[in-house]
Amino acid sequence: MTAADAALDRTIAEEDRFRADLYNFLGLLLAAPPDEGLLAQTAALSGTDSELGRAIDTLSSVAKVSRPKKVEGEFGRLFIGLGRGELLPYASYYLTGFLNEKPLAALRRDMVARGMVRAEDKFEPEDGIASLMEMMGAMIVGRFGRPADLATQKDFFNKHIRPWAGHFFTDLEGAKNSVFYAPVGTVGRLFMEIEAEAFRMSAG
């Protein structure tokens with residue numbers, strides 16, 4: 001971390017760092033099956049005495065008894081499968097019933113406007129849930145320039161995440177192949193509800 005990065009980090013409120021960390025954590029779990037290191041980090045989590053905190057505790061408990069190979073198989077059945085997985089975690093699909101539709105085009109316009117580019121080694125559509133979680137986390141802490149102000153975060157969330165992410169996380173909670181990923185769904189659903197309400201009440 002450079003001196004400039006360290007100075008910038010000090011300007012980010014602790015609550016916002018927590019939000020960014022949770023967005024990034026969900027993004028990691030949803031982008032690929034967790035390896036042994038990420039499973040160990042998940043098992044070490046502990047939540048506060050709140051609904052979200054208790055969901056994090058449940059996820060931690062499940063992670064303690066999960067093995068990478070088992071979770072890798074679960075991830076494949078949920079998101080890859082033979083032809084397609086049980087769930088299609090893309091905004092276009094949830095909002096239109098098809099992939100690569102208007103929600104993806106709108107997101108790409110916003111990405112260009114905010115200086116975001118898709119990584120060269122990524123081939124999935126950018127409106128996947130993992131990518132959107134990572135984008136929000138990056139915007140909060142300023143990985144694409146200066147940290148996004150509340151109004152910018154709210155606009156991005158309301159356009160690209162709020163209309164469908166809660167439905168996806170609810171589906172993930174109840175998916176027949178979800179074991180490790182069921183509490184991931186719970187954490188995601190509750191976090192989306194908290195974020196939606198906070199943005200609704202904000203003046204930004």
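How many nonpolar, polar and charged residues does the lining of the second largest pocket have, by class? I looked it up and found eight nonpolar, six polar and one charged. Here Ala, Val, Leu, Ile, Met, Phe, Trp, Tyr, Cys and Pro count as nonpolar, Asp, Glu, Lys and Arg as charged, and the others, Gly among them, as polar.

I note that the model is predicted, with local features needing pLDDT of at least 70, side-chain atom pairs pLDDT 80 or more, and totals for chains, interfaces and linings using all residues. Residues are numbered from 1 along each chain as its sequence is written, and side-chain values use heavy atoms, without hydrogens and water.

**Second largest pocket**

I read its volume as about 320 Å³. A pocket is an open set of points on a 1 Å grid over the protein atoms alone, where a 1.4 Å probe fits, with protein on both sides within 12 Å along at least five of seven lines; lining residues have an atom within 4 Å of a point. The volume is the space filled by probe spheres set on the points, which are joined across faces, edges and corners. I found 15 lining residues, with F18, L22, F25, L45 and I56 closest to the centre. α2, α3 (36-43) and α4 (51-64) give two or more residues each. α2 gives the most, five. Helices are DSSP runs (H or I, at least four residues), numbered from the N terminus.

**Largest pocket**

I read about 740 Å³ here. Of its 29 lining residues, A31, K122, E124, A130 and S131 are closest to the centre. α8 (129-141) is among the elements that supply at least two residues, and α8 has the largest share, six. By class, I noted 20 nonpolar, three polar and six charged residues.
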